[in-house]
Amino acid sequence: MRQSLAPAACVLSACLSMPLGAIAAPHPFNVEDLVNMQRVSDPVLSPDGRTVVYTVRETDLAANRGRTDLWSLDLATKGAQPRRLTTDPENDSSPEWTADGREIYFLSSRSGSSQVWRLPASGGEAMQVTSLPLDVGTFRLASNAGRLAVTLEVFPDCDQLSCTVDRLEQAKHPKDSGEAYERIFVRHWDTWADGRISQLFVLQLSNGVASEPVSVSKSLDADVPSKPFGDASEYTFSPDGSRLVFATRIKGKSEPWSTNFDLYEVGADGNGLRNLTEDNPAWDTQPVFSRDGSQLAWRAMTRPGFEADRFHIMVMDMKSGKRRALTQDWDRSVDALAFAKDGRTLYVTTDHFGQHPLWSVDVKSGKPTMLTGPGRVEAFSVGDKEIVMATSSLKSPAELQALTIKGSDLRTLPRMNEAALAEIRFGEPEQFTFAGADGATVYGYVMKPADFKPGTKYPVAFIIHGGPQGSFSNSWSYRWNPQTYAGAGYASVFIDFHGSTGYGQAFTDSISQDWGGKPLEDLQKGLAAALQNYPWLDGARTCALGASYGGYMVNWIAGNWSEPFKCLVNHDGVFDSRGMSYSTEELWFTEWEQGGIAWEVPENVEKFNPVNHVANWDKPMLVIHGVRDYRIPYAQGLSTFTALQRKGIPSRLLIFPDENHWVLKPNNSIRWHHEVEQWLNQWTGKSTE
């Protein structure tokens with residue numbers, strides 16, 4: 001890759017301490033490169049389409065955390081370079097433009113808590129908009145800037161925010177340590193329940209200062225947005241700012257096994273609450289209005305209880321109330337969506353044969369047209385003439401691109417990681433296909449080591465994705481990134497087995513109640529096909545690695561297909577399916593995947609249960625788990641390690657007391673990668689080369 005000139009590199013990313021003009025020899029990609037990449041997200045176009053503002057996350061290794069700032073780019077001026085808008089040591093994120101384009105509203109923790117701030121688009125000092133006694137979780141700005149919607153965590157029986165504040169303060173000094181619960185979801189993802197729910201509030205704005213908040217969702221026993229990963233895309237103002245539509249799920253006692261999210265409409269004053277999707281017992285979410293307010297579109301599922309059902313698009317005529325399913329005949333699950341200015345087109349993203357492109361969907365006919373090629377469109381913002389996207393691939397973290405709406409011309413915008421990428425050697429990926437289970441065409445990728453030399457055979461990292469309804473696609477990851485293995489001298493192979501997304505809903509459905517069946521066959525045939533077609537893969541020095549479902553599959557492989565592997569790496573994997581059924585939090589997942597409640601279908605639970613095959617285990621395994629993982633509780637990892645140790649199998653346990661289902665802290669990520677690489681080196685013999 002071309003080396004950037006020093007002045008441009010200093011604009012786009014942090015300059016390295018080297019003399020001007022000095023050029024460092026490119027080095028193989030490593031985990032230190034990974035954690036120090038600048039992470040581009042949330043591009044938002046100004047109303048006139050001339051400027052994009054976006055978020056950039058940088059890593060502070062000394063503080064062991066990431067921090068985010070706002071940046072902008074002048075799209076109308078040739079040669080313009082990115083400009084940093086905020087420099088506060090705390091996080092600034094979630095930008096939104098005012099309708100006149102003069103100001104940018106954003107979330108910031110610079111005051112000591114998360115609040116809404118505003119910044120002149122031309123530059124200058126940020127001004128605080130909200131001064132609430134609780135953290136603002138998310139926000140939305142009405143297009144006329146006369147109203148602001150925020151979400152706050154409150155105790156539902158409190159009428160004033162001060163009541164929640166007082167109760168939280170009292171909880172810091174309890175008389176005893178007992179905690180009692182009367183319904184499950186006592187813990188979710190990585191947090192124990194404390195009785196609070198997230199409510200949606202509306203505040204009036206006067207000269208950029210917010211009034212007292214009024215809850216518009218208080219009458220519902222429900223979180224807005226959803227937990228743990230819900231965001232501001234789950235609610236929206238109508239274009240005139242008089243109403244809001246939001247997605248939520250009623251809690252009751254069925255929340256842990258329900259996927260019944262509904263769309264509610266309510267006046268900005270809190271009156272007139274009504275359920276728009278009461279007739280659909282499955283998931284409805286991400287409402288978006290057309291610019292004239294005449295249409296409302298959203299994503300909807302049809303099968304209750306199945307979190308990986310296909311999301312299709314629903315459209316409602318707001319005057320008549322008539323609804324129609326727009327993309328029922330399109331066998332893809334829609335991700336993000338946004339209206340074009342004229343309301344005749346919706347722009348969406350989907351998984352698609354190992355890619356994640358942007359599409360246009362005709363609102364009248366539902367016909368989809370793919371607009372972008374290889375790679376993953378992570379986020380996008382629609383203007384009148386252009387769409388600005390954050391796009392990643394297996395060889396690049398997310399960077400900005402602009403697509404003209406007429407003509408579909410794609411241009412690359414200045415890259416935040418230009419200087420860093422110029423100093424790195426990457427492995428080359430290649431997609432391939434083979435005949436998998438039931439003769440189906442299955443897709444996979446191979447990646448060469450960064451220092452590939454023809455005629456040399458390389459040890460193999462056989463990486464298994466989680467989900468299981470997910471995909472190891474042509475995209476960038478900050479956790480499981482094949483380039484870290486390429487930089488360490490490994491080839492890698494990763495297969496989108498039965499159950500993966502982007503190949504039609506029937507293919508996605510096929511893994512349910514068959515976790516150890518067709519997916520295992522695909523992995524076996526995929527590895528065999530790769531070894532046959534790519535002679536530089538050393539099948540005698542192969543290790544299998546995976547997390548979540550991938551960790552489950554590593555345990556399943558250990559008892560059912562261990563012979564080709566020198567070692568195994570299991571991160572947050574299921575050891576005992578029966579124990580998992582009773583200790584995980586989102587019960588809808590296990591109950592759908594096993595075809596019922598554990599005590600009703602014990603034969604299904606045991607059919608592909610790794611614990612039943614421990615007697616066959618004989619391969620060295622590295623076991624990794626986060627103590628705050630409540631999706632697959634850490635006792636599963638401890639049980640795996642106990643079985644390995646009791647059988648005398650070489651094994652190692654790496655525990656992170658402060659991590660959840662993912663490893664997020666920068667220094668923990670570095671430790672994770674070094675531990676995994678050392679394990680692979682030890683058992684493939686690479687460390688002695």
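Is K227 buried, partly exposed or exposed, and what is its relative accessible area?

Author: The model in question is a predicted one. K227 has a relative accessible area of 28%. Because a residue counts as buried under 20% and as exposed over 50%, with partly exposed in between, K227 is partly exposed.

As for its position, K227 belongs to the loop that runs between β16 (214-215) and β17 (235-237). Leaving aside residues up to four places away in sequence, the residues that K227 touches are E153, H188, R196, I197 and S198.

S548 lies in the loop between β38 (537-547) and α8 (549-560). The relative accessible area of S548 is 17%, and S548 is therefore buried, the cut-off for that term being under 20%. When residues up to four places away in sequence are not counted, S548 touches G466, H571, D572, G573, V574, I632 and H661.

These two residues may now be placed within the whole. The protein chain contains 13 helices and 41 strands. Its radius of gyration is 25 Å, close to the 26 Å given by the globule rule for 689 residues, so the chain is as compact as a globular protein of that length. Along the principal axes, the C-alpha atoms of the protein chain fill a box of roughly 70 × 65 × 60 Å. Of the 689 residues, 57% count as buried. Among contacts between residues at least 6 apart in sequence, 58% join residues at least 24 apart.

The surface and the charges complete this description. The accessible surface of the protein chain comes to about 28500 Å², and carbon and sulfur atoms account for 50% of that area. The chain carries 66 positive and 83 negative side chains, and the centres of these two sets lie 4 Å apart.

Finally, a word on confidence. The average pLDDT of the protein chain is 95, and 96% of the residues score at least 70. Over residues 1-22, however, the pLDDT is below 50, and in the model this stretch has 33 contacts beyond near neighbours in sequence.

Definitions and conventions:
Residues numbered from 1 in each chain as written. Predicted model: local features only at pLDDT ≥ 70, side-chain atom pairs only at ≥ 80, totals over all residues. Heavy atoms only, no water. Helix = DSSP H or I, 4+ residues; strand = E, 2+ residues; numbered from the N terminus. Rg over C-alpha atoms; globule rule 2.2 N^0.38 Å. Buried < 20%, exposed > 50% of the residue type's maximum accessible area, 1.4 Å probe, protein only. Contact = heavy atoms within 4.5 Å. Areas by Shrake-Rupley, 256 points an atom, 1.4 Å probe, with all protein chains shown as cover. Lys, Arg positive; Asp, Glu negative; His and termini not counted. Charge placed at Lys NZ, Arg CZ, Asp CG, Glu CD. pLDDT = per-residue confidence, 0-100.
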